[in-house]
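User: Could you take a close look at the part of this model where the protein meets the DNA, and walk me through it?

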Number of protein chains: 2
Amino acid sequence: MNRTRTSIVDIARAAGVSKSTVSLVLQKSPLVSEATREKVNAHIAELGYIYNRGAANLRQSKSKIVGIVVNDLTNSFFAELAVGMDMVVQSAGYVQFLAHSGESVDRQREVIASMRENGIAGLILSPARGTKASDIKDLADSGIPVVVVVRNLPGAKVSTLVSDNYAGAKAAVRHLIGLGHRRIAFMGGFQDTAVFGERLRGYRDALQEAAILATEKCIIHSAPSRAGGVAALERLITIEDRPTAALCLNDAVAFGVCDGLRANGLEPGKSFAIIGFDDVIEAKTAVPALTTISVDPQGMGQRAAQLLLKQINSGQRDQESIVTSVRLVVRQSCGAPVKQLEEIE
Amino acid sequence: MNRTRTSIVDIARAAGVSKSTVSLVLQKSPLVSEATREKVNAHIAELGYIYNRGAANLRQSKSKIVGIVVNDLTNSFFAELAVGMDMVVQSAGYVQFLAHSGESVDRQREVIASMRENGIAGLILSPARGTKASDIKDLADSGIPVVVVVRNLPGAKVSTLVSDNYAGAKAAVRHLIGLGHRRIAFMGGFQDTAVFGERLRGYRDALQEAAILATEKCIIHSAPSRAGGVAALERLITIEDRPTAALCLNDAVAFGVCDGLRANGLEPGKSFAIIGFDDVIEAKTAVPALTTISVDPQGMGQRAAQLLLKQINSGQRDQESIVTSVRLVVRQSCGAPVKQLEEIE
DNA sequence: CTTGTTTTTTGGATCGTTCCAAAATATTTA
DNA sequence: TAAATATTTTGGAACGATCCAAAAAACAAG
């Protein structure tokens, strides 16, 4: 069909030099004279030559490809994370395989295998729910740098970059307590993720600190999505001594809770205080603007990619664990001090 | 650092056969006897062999990689589009380079160049704003199948897959007219994209059909994002004879408009009717649930990927233009018939 | 036990680069 | 100008797979 694409020897022939010389020109070696460099470059442009990176990779047994596996691209937190990675990966001259595991460990395993066959220089993984450290053991053992982001993988001997979930949750709950709330719920998420565990711990400790008894019924599990938030709220309103505020697992859940409140004739931020987690872009413009814990997903993506590239370039495999700091961004959804709210009741 | 990875000859040596035999086993050829197949497979498993697809690609001068370039991954429409593509690409045994152009034609050019060097079998492109047909001409000329999605690229000789923007916009405006609205705005988007042009044309024709005069001041440009929607609404409320309804360029803008209305003490769906475009996942659960034109981005992604794979496999480069049909999904944001609204005024 | 068939296996060339030692050319020095 | 040195250029061997023609082994028939 398509005639074989033009290669380095075609150029060499056209320019009347050897293929080695052309190769030298391509890698901008200072060993070639200015005259031949120009001559060769002219022919490269004329023949529309396209560098075959695969062949180079084969010879050098290394590549300029990094793999990125994300558990849920439709969640804007992860989409932004991916965009942040993309930025630094691209400007470092790398190209990325980006795959979406959809929270399936099977699919995750498949795509990682496929990436290995294609020869990635490193991998950034935001693990699907239920991923075990053993799932990436042989990858890491093979000497390919791996950076795990967002969700911790206890026991895995790789670098990790997670946000300070514990501190963030604690700060959020302290803020709610400071506003006068005493019955505070924790909404969204499932037991089995590290993120959930860490944030819940922060929530519990903040309550304990204020000598508030944390009741189990105030911890409401649900899918970590907008729809999950709606569902969680439906369960919340049925409990007696209904909480007056909630920390949500993430912003998506928080938005869902807002939706649910409205559907029940309650006004988020007025009759119920809400704090999210992540600070996705919509958090700022939503109505009411969402009080949340800012984790800067794009920045995290950038840092993760930088960490990976550093490991690729240095050749050292020693693991590094970074916990990125977070900060409370107070907006409207957590309302005014609770005295006003109590009056309404 | 890392000892050279085990190759086909290592296996051959271990199993006491030739590398050709191992190759045959790898590609599940029926020519090898059952006995040797098992023996070889045992050694493959034992040595932890990883297939080097790059080497195979070099020899065969073809690859199992498709490139996907998306203009804005943080927009959930495109994120879902990418997920749809990912699904079919992955299950066809391909792997995808996914890049985010961030609406920059320069970056888009760079990533496409990089993908070509890495040897992609085909490309799916959702063009950045301002992309010209000439930008992908030589790619298409080189015989690599290209599918352009979402935004039309007039003049490009490649297959395209776009949703029926014209019909969708028309249906939406007809619906608003049917509810009794007469002053209807078109909000969001910029002049220079094909999508904007097509939807605006649908809007105009529907108004004309009903003998309603379309005034230019009812067409409000803004960024096609949530923030853009907020900004657009701020401008809308200043005009005299304020419209009672709006068709928004997309759901993101529509959500922004809702936010803006609330910030101005107006209630979306009650005092102002809104219709979006795209039907992103949040549209259903938002409050009020968004009336919108459903385009099923994930399905579009799947169809685009299927179209590309078909071209890759068949080797035929004849272009195909698919316009996917859309449908109006009526929810709460467009409110009840306008008589009630007029009474409020 | 040959010969003829069929089934398996195999060596070497190949894909497009990079790398290296060695060759060719240019430049300097005595 | 010849020798010594510095600068450029080059051929061929890798890298790890596939492909193909041909060899080897297994089997059948006479």
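Analyst: Around DNA strand D there are 28 residues, and those that come nearest are Ser20(A), Ile8(B), Ser23(B), Tyr49(B) and Arg59(B). Please keep in mind that this is a predicted model. By class, the surface near DNA strand D has 11 nonpolar, 12 polar and 5 charged residues.

Some phosphate contacts can be picked out one by one. From chain B, Asn52(B) takes part through a backbone N or O atom, 3.1 Å from a phosphate oxygen of DNA strand D. The elements giving two or more residues to this surface are helix H2 (19-26) and helix H4 (53-60) of chain A, along with helix H2 (19-26) and H4 of chain B. H4(B) gives the most, with 5 residues.

The two chains also meet each other. Their contact takes 46 residues from chain A and 47 residues from chain B, burying about 4,200 Å² between them, 58% of it on carbon and sulfur atoms. Across this interface there are 2 salt bridges; one of the residue pairs joined by a salt bridge is Glu117(B) with Arg53(A), whose closest N and O atoms are 2.5 Å apart. On the side of chain B that touches chain A, H5(B) supplies the largest share, 8 residues.

Terms used: Residues are numbered from 1 along each chain as its sequence is written. Chains are lettered from A and ligands numbered from 1 in the order in which they are written. This is a predicted model: local features need pLDDT of at least 70, side-chain atom pairs count only at pLDDT 80 or more; totals for chains, interfaces and linings use all residues. Side-chain values use heavy atoms; hydrogens and water are left out. Contact means heavy atoms within 4.5 Å. Buried area is the accessible area (1.4 Å probe) that two parts lose on being put together, summed over both. A salt bridge is a side-chain nitrogen of Lys or Arg within 4 Å of a carboxyl oxygen of Asp or Glu. Helices (H or I, at least four residues) and strands (E, at least two) are DSSP runs, numbered from the N terminus. A residue is near a molecule or strand if one of its heavy atoms lies within 4 Å of it. A polar contact is a pair of N or O atoms within 3.5 Å; within protein, one must be able to donate a hydrogen and the other to accept it, and residues adjacent in sequence count only if both atoms are side-chain atoms. Ala, Val, Leu, Ile, Met, Phe, Trp, Tyr, Cys and Pro count as nonpolar, Asp, Glu, Lys and Arg as charged, and the others, Gly among them, as polar.
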